[in-house]
Amino acid sequence: MKPILIPVVLFFAPAMALAATAEERGLEIAKEIEVRDTGFHDFKATMSMLLRNKHGEESLRDMRNQTLEVDNDGDKTLVVFDEPRDIKGTALLSFSHKAGDDDQWLYLPALKRVKRIASRNKSGPFMGSEFAYEDISSQEVEKYTYKFIDEGGHEGIPSFILERYPVDPNSGYTRQQVWVDKERYIALKIDYYDRKNSPLKTLVFRGYQQYLDQYWRADEMYMENHQTGKSTLLTWKQYDFRSGLTDGDFNKNSLKRAR
Amino acid sequence: MSEAFFQFVLKHRLLVIFLAVTLSILMGSGVKQLQFSNDYRMFFSEDNPQLKAFEKLQNTYTKNDNVLFVIEPRNGKIFTRETLTAVAALTKEAWQIPYSLRVDSITNFQHTYAEGDDLVVEDLVLDPQLLTEEQLADKQQIATSDPLLVNRLISPNAHTTGVNVTVQLPGKKLTEVPEVASMAREMVRNLEADYPHIKVHLTGMVMMNNAFPSASMDDMKSLYPVMFGAVILVLVVMLRSIPGTLSTLIIIILMIIATMGLTGWFGIKMSPPTTTVPIVIMTLAIADCVHILVNFLHNMRDGESKYQAMMESLRINLQPIFLTTLTTAIGFLSLNFSEAPPFRDLGNMSAMGVVLAFLLSITFLPAMMMLLPVKALSGDTLGSVAMIRFSEFVVRNKKGLLWGMGIVILLLVSQIPSNRLDDQFVKYFDETITFRQATDFTTENLTGIYLVEYSLESGETGGISEPKFLQKVEDFAQWYRQQPYVLHVNSITDIMKRLNRNMHEDDNDWYRLPDQRDLSAQYLLLYEFSLPFGLDLNNQINVKKSATRFTVTMESISTQQLLKIEESAQAWLTEHAPGMRIDGASPTIMFAHIGSRNIIAMLKGTTLALIMISFILIFALKSIRIGGLSLIPNLVPMGMAFGLWGMFVGEVGLALSVVTGMTLGVVVDDTVHFLSKYLRARREKNMDREDAVRYAFSTVGTALWVTSLVLMVGFGILAFSHFQLNAGMGLLTAITLGFALIADFLFLPPLLIYFGGKKS
């Protein structure tokens with residue numbers, strides 16, 4: 001958005017809000033988030049998760065992530081695990097879909113075999129962390145319905161507050177409340193509510209950086225479970241956009257080579 | 001000085017009454033702040049080592065406060081479409097229970113099997129309505145042969161099943177437990193209405209926690225009226241004076257209101273043991289009032305004016321009543337040594353009550369008696385003639401009594417070791433309480449309620465996948481399964497064996513532990529990726545994957561037997577796997593240790609109290625010999641009572657271990673009254689030892705047996721409590737007080753006659 005346009009948009013924004021229902025406005029924002037994040041083609045990054053329990057014990061998980069943008073469907077992701085040592089070389093391939101269950105395969109180097117994850121309910125914790133698979137998989141617009149709630153702020157950043165409701169009946173959540181940066185259209189904070197609509201977790205995004213002058217990625221995602229007192233800090237490093245990945249890097253055979 | 005004080009009291013009686021009532025009600029206004037504790041952890045102090053070990057385990061994995069729904073179909077068959085539909089409905093519904101973390105049942109059990117090269121992980125029962133008879137039989141076969149389910153969530157012959165809800169209470173509000181419990185009950189009502197062929201029993205730690213306040217209140221409703229009835233009856237019969245009875249009753253009410261109010265102001269939470277406080281302090285207040293009133297009425301009968309009669313009664317009773325109040329308060333305060341905070345509260349509240357009772361009986365009581373019309377009664381109110389005859393009997397048979405009583409005492413005391421410690425917390429509630437009934441049904445038909453848990457440490461990150469470690473865990477599980485009274489062992493190795501089989505096309509030959517570390521780790525990873533929300537392994541594996549939780553479920557056995565098995569487990573670990581040795585932790589283990597820990601603590605407290613009381617007696621009675629002699633009648637009743645208990649009951653636990661402290665101060669009262677009269681006769685009236693004993697009987701004998709009777713009735717009422725804790729404590733205290741009277745009447749007099757100071 002060019003600076004000169006901002007006053008114009010701000011002038012018309014309230015009128016737009018009046019015209020739309022809360023649901024339409026929520027969807028509008030979600031679509032805008034997706035539109036702004038479209039076109040990166042692919043990226044590579046490293047991820048590390050620091051798990052901590054209520055007793056203060058900590059544990060580290062290291063992995064590498066490769067993501068390929070897919071036109072008109074969810075992204076394809078390949079995650080290769082480096083740490084803990086026992087699962088080094090294990091690789092998870094996911095095809096995220098706009099509708100229906102995602103497809104997942106896991107390569108087990110100890111068995112030298114690729115296994116399809118044939119569960120229809122994959123809302124459990126990712127690597128024992130406080131992130132569920134559904135929290136870090138490709139966030140397609142179609143996976144939720146939306147409702148605009150209010151305008152507010154998160155750590156001084158003016159935000160839209162919207163709620164989204166998972167379409168998947170097996171989701172662990174009834175709803176999520178998302179704080180979206182008004183200017184950059186990126187999530188700043190998400191409150192997760194469990195099946196009985198009690199506050200379950202809070203995810204905070206920290207250290208956003210812009211890549212290719214367009215795509216915002218957070219350096220840190222901190223997830224805290226309010227019910228168990230456990231937490232996970234997910235740190236992203238070494239982002240490499242448009243690294244030249246192709247569809248051929250995301251199939252069962254590439255899984256085995258991925259190490 | 002005391003005389004001036006009493007003159008003031010008797011002259012300004014309206015002012016005194018007004019002040020006493022106002023101050024009591026002012027203190028009593030704290031009643032609004034009274035709260036009931038509803039957490040079994042109340043029985044453990046923060047630094048209790050077993051509690052700390054258990055908290056650590058819970059913080060490493062997840063909490064295990066739970067609600068267990070036990071489903072009993074009338075036709076005795078779980079695997080029918082109707083019943084499974086009900087179980088599935090409840091499983092889904094149970095996620096709505098406040099603070100729930102996970103729900104486990106046979107329908108959402110994560111069943112795994114191989115399908116070609118894939119690992120399928122899905123609910124064991126997905127759509128009950130669509131199941132054929134053959135499939136039902138198949139599911140039953142799977143459930144009743146899975147070591148994770150059988151004897152835990154399904155009975156071996158599949159006639160009952162459980163839906164277990166794990167809740168994590170934030171522990172911030174007292175409303176949390178009742179919130180969970182009432183939601184669970186509502187679900188049971190709805191389920192039984194929708195599926196009339198099933199009955200649902202509710203148990204689990206949350207239901208137990210909820211039973212504490214509700215059973216306390218039931219106790220109050222049923223015991224307090226009985227207590228007031230008994231008090232009125234005893235007072236009317238003994239005092240034969242309506243004004244005296246009325247004044248005493250008002251004192252009791254004022255004192256109870258003030259004590260409970262102060263409890264509220266101090267922020268002490270009510271608990272099952274402290275619900276007995278009103279009964280305890282009531283009986284002690286009566287003792288004070290009776291001593292003053294008996295002498296007062298006696299003096300009036302002798303023709304003295306009302307004013308003179310009261311002044312005289314107060315003069316001779318002030319010192320002994322003050323002394324008994326002091327010693328009783330010291331006895332109660334010795335409960336502060338208890339390991340269990342509710343008994344400290346009980347001691348402190350009772351001590352407050354005793355002091356208030358003393359203050360009211362020397363102010364409000366005389367003022368009231370001055371105000372009310374009192375008729376001098378004719379005749380012998382309290383059978384003092386009988387007392388004189390009785391003293392003759394004792395003096396005549398002094399030798400026989402000394403030896404006879406000595407032998408009886410030794411016989412009873414020798415039975416003390418017959419007592420065995422037992423603290424099965426479910427048995428704290430008697431069979432009339434719904435929680436106890438449901439839990440008994442559960443232990444008879446589904447699974448145990450007593451657990452022992454271990455966090456088995458491999459010593460390195462990711463070490464739970466190490467084949468050697470897994471083999472040790474498996475051996476430990478096998479060892480435990482061979483022990484008597486063990487119902488179920490929950491071990492990660494059962495999941496590992498199953499996964500290994502699944503990965504080899506469900507070939508039963510592969511139902512064994514994987515022999516490569518990375519293979520185990522990768523199986524687990526695959527399995528974890530396949531699990532749904534809330535059914536993960538975080539409750540069994542720590543974040544470092546270095547340790548695993550290992551849970552043993554036991555039948556309802558005494559905590560001594562349980563500790564013995566746990567001891568053997570420690571020996572097994574020390575011998576076979578010293579690296580992963582750790583003490584078992586669980587509420588059961590906590591309760592199993594609390595009895596003996598409390599006895600040791602109370603021995604210290606009681607000894608200290610005894611030393612203090614003995615010094616006070618030596619000082620007050622101005623005689624080292626008599627003060628020292630008083631130790632015998634002060635200690636003997638406890639020994640006799642515990643001996644008798646050993647002969648006929650033989651089980652002691654947490655509650656009974658505080659009886660020594662409870663009774664010490666009260667038992668001393670009788671001795672104080674008897675000895676002070678004996679010494680007065682020896683010193684002021686120059687009587688010989690036999691005559692001094694006769695004098696003591698005639699002046700104080702009546703009051704002693706009356707107050708003892710009141711105390712025994714009061715504590716005896718507690719025997720009807722639905723809390724076995726309170727019932728046992730009440731009964732043993734009543735027995736101790738009975739023995740105290742016997743010792744003071746039959747053993748102390750011969751002792752005094754033979755050893756009670758120089759012949760004059």
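Mentor: What follows moves from the contact between the chains to single helices and then to a few loops.

Please keep in mind that this is a predicted model. The contact between the two chains draws 43 residues from chain B and 36 residues from chain A. On the side of chain B that touches chain A, at least two residues each come from helix H3 (49-60), strand S2 (100-104), strand S4 (118-123) and helix H17 (517-529) of chain B. Of these elements, H17(B) gives the largest share, 9 residues. Sorted by class, this side of chain B holds 17 nonpolar, 15 polar and 11 charged residues.

When neighbours within four places in sequence are left aside, B:Asp518 is in contact with A:Asp86 and A:Ala110. As for B:Glu93, 425 residues away along the chain, its C-alpha atom is separated from that of B:Asp518 by 39 Å.

H17(B) also packs against a helix of its own chain, H16(B), which spans residues 492-502. The angle between H16(B) and H17(B) is about 90°, and their axes are 10 Å apart. Angles of 65 to 115 degrees count as roughly perpendicular, so H16(B) is roughly perpendicular to H17(B). The residues that meet are B:Met496, B:Leu499 and B:Asn500 from H16(B), and B:Ser520, B:Tyr523 and B:Tyr527 from H17(B). By class, the contact of H16(B) with H17(B) has 4 nonpolar and 2 polar residues, and no charged residues.

Another helix of chain B, H13(B), shows how two faces can be told apart. H13(B) runs over residues 398-414, which makes 17 residues, and the distance from its first C-alpha to its last is 24 Å, close to the 24 Å expected at 1.5 Å a residue. Its buried residues are B:Lys398, B:Leu401, B:Met405, B:Ile409 and B:Leu412. Seen down the axis of H13(B), these buried residues fall within an arc of 70°, so they line one face of the helix. An α-helix has 3.6 residues a turn, so residues three or four places apart point the same way. The face of H13(B) turned away from the buried side carries the exposed residues B:Lys399, B:Gly400, B:Trp403, B:Ile407 and B:Leu410.

The peptide bond from A:Glu83 to A:Pro84 is cis, with omega near 5°, and A:Pro84 lies in the loop between strand S3 (76-83) and strand S4 (91-95) of chain A. A:Asn197 is not a glycine, yet its phi is positive, at about 65°. This residue is placed in the loop between strand S10 (187-193) and strand S11 (199-211) of chain A, and it counts as exposed because it has 11 C-beta neighbours inside 10 Å. A:Leu212, again not a glycine, has a positive phi of about 50°. A:Leu212 is found in the loop between S11 and strand S12 (215-225) of chain A, and with 12 C-beta neighbours inside 10 Å it counts as exposed.

Technical notes. Residues numbered from 1 in each chain as written. Chains lettered and ligands numbered in written order. Predicted model: local features only at pLDDT ≥ 70, side-chain atom pairs only at ≥ 80, totals over all residues. Helix = DSSP H or I, 4+ residues; strand = E, 2+ residues; numbered from the N terminus. Expected span 1.5 Å × (residues − 1). Buried ≥ 20, exposed ≤ 12 C-beta atoms within 10 Å, placed from the backbone. Arc of directions from axis to C-beta. Contact = placed C-beta atoms within 7 Å. Nonpolar A, V, L, I, M, F, W, Y, C, P; charged D, E, K, R; others polar. Axes fitted to C-alpha atoms, helices over the stretch in contact; angles between N-to-C directions. Parallel < 35°, antiparallel > 145°, perpendicular 65-115°, else oblique.
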